[in-house]
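Work through the following exercises with the structure open beside you, and try each task before reading its solution.

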Protein chains: 4
Amino acid sequence: MVEDNNTAIGRRFEIFTQIMIVLSLVSFSVETLPNISAELRTNLFWFEAVTVFIFTVEYIARVAVADSKVRYIFSFFGMVDLLAILPFYLATGLDLRSVRAFRLLRLVRILKLVRYSAASQRFYRAFIIAKEELTLFLFASLIILYLAGVGIYYFENPVQPEAFSSIFHSLWWAVATLTTVGYGDIYPITVGGKIFTFFILIIGLGVVSIPAGMVASALSKAREMED
Amino acid sequence: MVEDNNTAIGRRFEIFTQIMIVLSLVSFSVETLPNISAELRTNLFWFEAVTVFIFTVEYIARVAVADSKVRYIFSFFGMVDLLAILPFYLATGLDLRSVRAFRLLRLVRILKLVRYSAASQRFYRAFIIAKEELTLFLFASLIILYLAGVGIYYFENPVQPEAFSSIFHSLWWAVATLTTVGYGDIYPITVGGKIFTFFILIIGLGVVSIPAGMVASALSKAREMED
Amino acid sequence: MVEDNNTAIGRRFEIFTQIMIVLSLVSFSVETLPNISAELRTNLFWFEAVTVFIFTVEYIARVAVADSKVRYIFSFFGMVDLLAILPFYLATGLDLRSVRAFRLLRLVRILKLVRYSAASQRFYRAFIIAKEELTLFLFASLIILYLAGVGIYYFENPVQPEAFSSIFHSLWWAVATLTTVGYGDIYPITVGGKIFTFFILIIGLGVVSIPAGMVASALSKAREMED
Amino acid sequence: MVEDNNTAIGRRFEIFTQIMIVLSLVSFSVETLPNISAELRTNLFWFEAVTVFIFTVEYIARVAVADSKVRYIFSFFGMVDLLAILPFYLATGLDLRSVRAFRLLRLVRILKLVRYSAASQRFYRAFIIAKEELTLFLFASLIILYLAGVGIYYFENPVQPEAFSSIFHSLWWAVATLTTVGYGDIYPITVGGKIFTFFILIIGLGVVSIPAGMVASALSKAREMED
């Protein structure tokens with residue numbers, strides 16, 4: 001039942017597991033809310049206990065039905081399944097937040113759903129088609145980010161020694177600017193810095209935004225190849 | 001006349017109705033302005049009364065000429081037409097803002113205009129072509145948003161307990177950042193948080209911006225299929 | 001000489017005119033700087049006088065060599081040429097800023113350069129190819145902007161009556177958000193407003209960013225058609 | 001060994017050089033951190049001395065093995081190699097920041113890696129294919145930026161004489177807005193300025209974002225041409 005998602009009961013079980021994963025992630029998020037009542041916290045703990053129990057049963061069942069138990073345990077999804085339940089047993093009562101974060105590994109299991117879909121396969125092929133250019137552009141993006149950081153440092157550091165106190169601080173500006181996020185926590189105020197920003201944006205925006213268009217056209221190419 | 005937009009008078013009536021809808025939406029917006037004079041408010045009320053009267057006459061005419069009256073009344077556009085005028089009769093003098101918002105349903109009627117255009121049909125076909133990938137990317141976007149929210153929560157919560165007070169607050173940051181809106185109301189200040197933002201942007205920007213390119217290339221594909 | 005840009009002297013004259021236009025725009029911009037010295041202001045005035053003199057001579061020459069003087073004077077570029085110099089004679093000493101702005105019409109003359117290039121022709125054909133979809137998306141963008149404005153007004157107005165004081169104020173938020181500019185002067189603070197922003201961004205970003213991809217693929221189509 | 005990257009030792013030497021370049025850029029960035037200890041500064045100096053020594057040895061070796069010594073010394077990469085080490089000998093003890101910045105030239109040497117890759121060649125061909133349109137759009141972008149700057153100046157200068165004090169200041173707003181960075185340091189507050197921003201964004205966003213899509217589709221065209 002846990003292995004075969006072609007039977008009706010197998011599919012229903014899979015959907016049930018997916019819903020449990022999403023619910024357990026919601027409960028994980030609710031726990032981080034400040035000022036939640038002691039009662040809600042207790043309920044969340046019991047809900048967590050129930051989900052871990054279900055996932056533990058599922059894990060044991062999977063080990064039991066696996067042709068090669070050892071291979072399943074050390075497979076990628078076997079490790080994920082184990083790491084997603086283990087922290088509960090280790091950390092109960094200890095309130096080790098960072099350990100509890102392992103629960104996020106359950107997200108990885110949701111990815112199983114997508115793994116075999118036609119769209120994923122096509123996306124994977126598109127990725128292979130555009131791999132070389134993507135590497136080139138990632139590389140070029142890093143160089144442009146670095147040059148943007150160094151350049152703005154020379155223009156702004158003398159005037160804004162707090163905001164642009166080193167090349168590393170300037171790199172944060174470069175990231176926020178070339179991705180066009182532009183939080184507004186740090187920006188050039190000198191004339192030279194503003195003109196530099198203009199030129200780096202003209203060059204940099206292309207470099208940063210071309211990869212998305214490239215993957216899109218590789219995807220439509222991959223779709224044609226199927227026909 | 002209300003049904004046939006192939007005759008000259010039918011087309012003219014349709015254009016007149018569209019203009020009335022746009023004007024009634026403008027009047028709806030003007031009403032929300034603070035400190036408008038009592039005189040303007042009265043004028044807006046009378047203008048609203050006139051448009052509702054016209055739409056009521058149109059509605060009755062449509063019911064009258066429909067082959068099957070019951071089917072028209074319970075059709076999608078029949079319901080929209082009714083819901084767009086009903087609130088006026090119910091809410092006059094009661095100032096129920098939320099009820100008055102039903103007037104926005106008139107926007108739906110504008111969509112009638114687009115429904116049969118060649119461009120819409122093509123867009124619909126492009127949507128069908130790219131449906132699977134769009135679902136995949138919507139799914140992937142949600143997962144990346146969630147992971148971005150959780151990650152930044154761990155980095156920023158200890159330092160900015162106000163801004164990043166829970167995973168839900170962090171999700172708001174994730175939405176504003178990965179769409180590159182970047183209001184600047186909330187942003188990372190720790191070194192770890194900034195480096196995390198850099199990596200999540202490199203991965204996330206692609207995921208969020210690829211769908212648009214995909215629809216664009218699917219559209220040009222759909223156009224070729226027509227030829 | 002002023003008409004024929006195939007001869008060496010004709011081309012040189014054209015380039016000289018273009019440079020004069022750019023220089024006169026720079027001088028126009030410099031004039032707006034606050035606290036410029038009286039001396040610089042005088043120099044700028046004399047530079048302006050010189051450029052207007054050159055453009056006047058050119059205008060008279062063009063009228064003189066035109067086959068049909070009347071047709072040139074009332075042609076689009078004839079009007080532009082006249083309107084670009086007339087304000088100087090009318091406004092000298094009157095400091096009528098709005099009249100001086102007519103000088104910007106000189107920009108239109110720069111467009112002459114592009115008019116006959118292969119790239120412009122191709123872009124024009126691409127525009128024709130994608131015209132219907134572009135109209136559809138412009139239309140859809142306006143509807144989404146309006147709905148975004150109305151929606152956020154209902155969520156944020158009770159809490160931020162200053163920032164979101166009417167649907168018109170909310171539309172400004174919608175413009176800044178859906179174009180992902182995100183100045184940060186106005187943003188949602190309620191939970192409902194933030195969730196609404198999330199959904200409107202998922203739908204709206206596509207609608208706003210698809211047209212660019214569409215024109216790009218129409219351009220590559222137009223290029224293929226040439227071959 | 002320094003010339004031939006086909007032999008095993010040649011490739012290993014090349015990778016070693018690349019790593020040295022990256023490390024020397026990291027050390028360059030660390031030096032700009034404020035409040036670094038005297039001890040770390042000394043270590044960075046010695047590290048710099050070591051890298052310069054290695055690069056000097058490499059440079060001498062390259063001159064020695066070159067068929068035409070003069071041609072290598074005056075070649076582009078010969079100049080880069082020399083300029084990347086010379087500042088150290090000139091500036092030691094002088095703390096001439098601007099001279100030390102010549103070390104950034106080492107980045108140029110990293111570019112050697114990409115020069116002959118298939119992806120670069122393809123990108124170069126894509127660039128040639130789309131050259132005319134890119135020039136047109138760069139030109140159009142500059143005109144739109146200028147018009148946006150002038151327009152917003154007329155709307156906002158009377159109300160915000162500080163932020164929009166001249167057309168040059170307004171151009172900074174135009175750059176930050178049309179690239180959708182939107183820092184939030186400068187934005188329109190008048191109704192006219194906001195409506196103007198809306199229209200300039202509708203026109204301008206396309207102009208600024210189309211080139212990226214164009215290069216992407218030219219890239220996929222270039223890939224097809226290879227097949």
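The exercises below concern a predicted model, and each task is followed by a worked solution.

**Exercise 1.** Determine whether Glu133(C) is buried or exposed, and list its contacts beyond its neighbours within four places in sequence.

*Solution.* Begin by locating Glu133(C), which belongs to helix α8 (residues 131-156) of chain C. Next, take its relative accessibility, which is 0%, and compare it with the limit for a buried residue, under 20%; Glu133(C) therefore counts as buried. Finally, with the neighbours within four places in sequence left aside, the contacts of Glu133(C) are Ala119(B), Arg122(B), Leu219(B) and Arg223(B), together with Met214(C).

**Exercise 2.** Work out how α8(C) and α9(C) are oriented to each other.

*Solution.* First consider the axes of α8(C) and helix α9 (residues 167-178) of chain C, which come within 8 Å and cross at roughly 120°. The crossing of α8(C) past α9(C) is right-handed. Among the residues that make the contact are Ile144(C) and Tyr153(C) of α8(C), and Trp173(C) and Leu178(C) of α9(C). By type, the residues of this contact comprise 13 nonpolar, 2 polar and no charged.

**Exercise 3.** Classify the ring pair of Trp172(D) and Tyr183(D).

*Solution.* A pair of aromatic rings is described by the distance of the centres and the angle of the planes. For Trp172(D) and Tyr183(D) the centres are 6.0 Å apart and the planes stand at 20°, so the pair is stacked. Trp172(D), at 6% relative accessibility, counts as buried, and Tyr183(D), at 4%, counts as buried.

How values were computed: Residues numbered from 1 in each chain as written. Chains lettered and ligands numbered in written order. Predicted model: local features only at pLDDT ≥ 70, side-chain atom pairs only at ≥ 80, totals over all residues. Heavy atoms only, no water. Helix = DSSP H or I, 4+ residues; strand = E, 2+ residues; numbered from the N terminus. Buried < 20%, exposed > 50% of the residue type's maximum accessible area, 1.4 Å probe, protein only. Contact = heavy atoms within 4.5 Å. Axes fitted to C-alpha atoms, helices over the stretch in contact; angles between N-to-C directions. Parallel < 35°, antiparallel > 145°, perpendicular 65-115°, else oblique. Left-handed = near helix turned anticlockwise from the far one by under 90°. Nonpolar A, V, L, I, M, F, W, Y, C, P; charged D, E, K, R; others polar. Phe/Tyr/Trp six-rings, centres within 6.5 Å; stacked < 30°, edge-to-face > 60°.
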